[in-house]
Amino acid sequence: MAGLGFACLLLALAVCAYGIGASLYGVRTGRVEFSESGRRSVYALAGLLTVATVVLEIAFLRNNFSFNTVADTSSRTTPANYRAAALWSSQEGSLLLWAWLLSLWSSLALFLTRKRMRDVAAYATAILLGFDGFFVSLMVFYANPFQTTNPAPAEGVGLDPLLRFPTMMIHPPILYSGYTLCTIPLAFGMGALLARRVDADWIKAIRRFAFAAWLFLGMGILLGARWSYSELGWGGYWGWDAVENASLMPWLTGTAFLHSLMIQEKRGMLKVWNVSLVLATGTLAIMGTFLVRSGVLNSIHAFGGQTLGVPFVVLIGTLIGGSIYLVVSRRDMLRSEHRLDSLLSRESIFLANNLVLVALCFVIFWGTYFPLISEALTGQEASVGSVWFDRYTVPLALILVLLSGIGPVIAWRRATLANARRNFLAPLLSALVVLVVLLAAGVTQKPLALVMFCCAGFVLGSVGQEFLRGARARRAMAGEAPPRAVLALVKRNRRRYGGYIVHLGIAVLFVGVAGSSSFQHAAELGLSPGQSTRVGAYTVRYVRPTATITPKYDEAHTGSTLALGAELDVTKGGPKGPHVTTLDPSEGFYASQEASQGSVGSLIGGQAVSHVAIDPGVTRDIWTAIEPNMEAPNLTRIVKAGNEKLPPDIALVGIGYLAREYLKHPPQAQFHFEVSPLVMWIWIGGMIVLGGALIAIWPAPSVVRSRVSARARVARGLSRA
Amino acid sequence: MNPSRKRTVRLIVALTAAVLLASALIYTSFSAASPALTPSQLAREAQPGHSYLVTGTVAAGSVHREGPVLNFAVEDRSGEGETKIPLQYTGTVPDPFHEGREVIVTVEKQGGRYIGERNSLITKCPSKYKTAPASENQNS
Amino acid sequence: MSLPIAIVLVLLVALVVWVVSAPLRAAAAGSADVSSEAERAVSVEAEQQRDALRERQDLEAAREAKYREIRDAEMDFRTGKLSAEDYEATDAALRAEALEILNSLQRYGEGGSDGDGEER
């Protein structure tokens, strides 16, 4: 079976090579059948990679440990759903996922454009096949997912317990979809430059792909933040880690592109800017993929050895060099058709938003790659910390949110100043109300958070006003009742109102970020049973210890041998205050492969994973993680005795004694305890963004063909003026 | 001022602003950054009052918790130096933290001791992509 | 590699080759019995047709975008962002631009039909 998988990879490589040749030959000689054949190569590639992925997935599900990657990342005791996800937990498996998703999305994009943009699509085909070929060659020559060992080991290492969480199953496929989707606009952008056709048809097609990339990437990032917060033991959702930043940068340029594309569509301006953004987004996505794998920057995701660094650097260098060459050599056809009509126009707000987004991207880029930059410039590798990132990104984020509230209020092309001034009243009032309410409530210490709340109030006012006025206009035109008017309004202006909802979602998200970062109470607590301590407005009391043994009783079904924890009671105010919640954090101990730890020791000597306990709330989350003291003498004594007396097949008995001792005489445990206000609004904001995006992207039913010719209608409209 | 001159002025103003901001950014990054050192480099070069990023491996047998403070020592990743930097750390301890794992922690030298900056401990996910000897366990 | 796997592989290769070469075979069959001169004439005409199609598709996309602009301007007026005079000026300009596109489209035989009016 592994042979079949590897053969598919070799075939895929051949198909890529053929497809590139056929597409290029077809577009240069005008022989359409070759371009067609090139496009079909992409479909064939998707088919081959699907077969390869299925082969590997079956190997995982059937515990075929002759596959090295299955033996390295899965085991019989790993639950079935995590065995399936283990495919993308390794370097070689994740490369396969990337290549497979790229082939699927490429097929879809080329299928959707099969009847238009022939020459652009042909170039794009060649470029996409080039990318996929690159990743397939990495697998064939450097990191083969179908490598086997004979005889096959009897048991595998098992999926890293840190990854045994539900989010692990969806975060990588969605994030990788985002990354791979970013390369499609890149390919079509380069294709358009090569074919010298940057026009209305191209805008229409590329908008779809850029939007899909933006959506998937954004959701992937949000899922990663959610995973970090709810499943890792540090209680944060964003740490300016290199890998987090790597996914955020293409998302920022993608957002800028979606906005400035509208300007090109309407006024024929910013062509150079737009193609540069599209090329930058794709290149940043590839750089992000490179960062995760090459270990070139210190990061939590130390994904791969140094061997993959060089090919990636070559690819990125080629991309950057090629992009610059293309834009410079085609600059005549990228000249603007018009100029900005007026500074008071939605176009100019979009320009401002673009500048802020690119500035944000630059700041994050600089900070992320600073270790490499400083080493190159000064010989000493140095890193900037979160504080530096926050210092520059927070003000930019404030401006961004504010702009997203100003944009909806200003008309396209040229707004009327008097109207604009009037339209600002409601949003300003809204922001003022927020300010007054917060100051009255005593929220005075964190000015930046306060400003962010006011900006969000501004956005709320502005979006609300748009909905109100739009509904009123519909009632005037069609006499519908208010609820129906709003629905019809949104249905007939999906892009506009979907966009407004997305802006609202982003504002809500930032409210959550501001609240949870500025007003968080965090503490390290050392508690024994019966002890209680005060954290901010709450009292936390250690009620009793908890212990569970073996997968069957493990609520999370993650396969841990032993989970030790505690039950905590949280009350408001003092110990006798109203009961707020009961939390049950635990630490799961997994088996290791180290025989040196002893029969009992190796059952719990592997990776330890925190099972966090969260009490979510609309105004605040209460979050805690426990670190039980496994060095306590009464516990280590039992492990030692078990190692000496018990053979491996009944070592679980020793674990039973350990659990019993822990329950009878629990040692003092360390707790990381957090009260994070408004953190739930981050996830709610994300959902609103998703909803708005889906509305904006949803295709409207085709307008019924009118019998009156459009020409006549347009002319009639002119004569009315 | 005719429109095209206005546009040029606007462009120059915008570019100047961008260059100024970028310079401010770049300048502060160099002064705000913490140098990344190995334990042996740290032992040689560390000055009190400055913060440094130590990258190395957690030394075997050095992990010892005293209430809120976690004591451990960091040694060179490659194992070439014999320097072990003992440090005292408070704050969140990532799940993968274990003897023998690679860590990055921000420290400051105070007096003769190294104090870890609160919540600055990062532990690398154990690398699974070196050839792991998967078949060493015996399932008897 | 076992026999069934090998057979699957051969079938896979055959399928890939069949899918990928289909357009090539169709083109070869199509021009099998035409003289080379006529072939060239046909291919030149085909290329002109493709260029015309390309132009037409581009103009259709531009037309849709222009219609959307007209509707957006009306929306801006109705939600109070534009005064009546500004709206009329913008509307007139947009409609003139739309007429230009429609005129160009006529050259490619589109006539005055509405297109399929996709909102996207």
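Colleague: Which residue in strand 11 of chain A is the bridge partner of A:R620?

Modeller: Strands of a sheet pair through backbone hydrogen bonds, either parallel or antiparallel. Here A:R620 has A:P677 as its bridge partner in strand 11 of chain A. This is a predicted model, in which local features need pLDDT of at least 70, side-chain atom pairs count only at pLDDT 80 or more, and totals for chains, interfaces and linings use all residues. Residues are numbered from 1 along each chain as its sequence is written, while chains are lettered from A and ligands numbered from 1 in the order in which they are written.

Colleague: Over how many bridges do strand 10 and strand 11 of chain A pair?

Modeller: Two strands pair if DSSP finds at least two bridges between them; strands (E, at least two residues) and helices (H or I, at least four) are DSSP runs, numbered from the N terminus. Strand 10 (620–627) and strand 11 (669–677) of chain A share 8 bridges in the antiparallel sense.

Colleague: What is the order of the strands in the open sheet of chain A?

Modeller: The order is 2-11-10-9, 4 strands with antiparallel pairing. Strand 2 (521–527) and strand 9 (613–615) of chain A are the edges, each pairing on one side only. On average, neighbouring strands of this sheet are turned by 15° against each other, direction ignored; axes are lines fitted to C-alpha atoms, for helices over the stretch in contact, and angles run from 0 to 180 degrees between N-to-C directions.

Colleague: Which residues of helix 16 of chain A are buried?

Modeller: A residue is buried if 20 or more other C-beta atoms, placed from the backbone, lie within 10 Å of its own, exposed if 12 or fewer, and partly exposed in between. In helix 16 (482–492) of chain A, the buried residues are A:A485, A:L489 and A:V490. Seen down the axis of helix 16 of chain A, they fall within an arc of 130°, so they line one face of the helix; the arc is that of the directions from the helix axis to the C-beta atoms. Their cover includes helix 15 (447–478), helix 17 (494–518) and helix 22 (680–697) of chain A.

Colleague: Which pair of chains has the most contacts?

Modeller: Two residues are in contact if their C-beta atoms, placed from the backbone, lie within 7 Å. Of the 2 pairs of chains that touch, chains A and C have the most contacts. No contact joins chain B and chain C, and their closest C-alpha atoms lie 20 Å apart.

Colleague: What ipTM does the predictor give the complex?

Modeller: The ipTM is 0.83 and the pTM 0.90.
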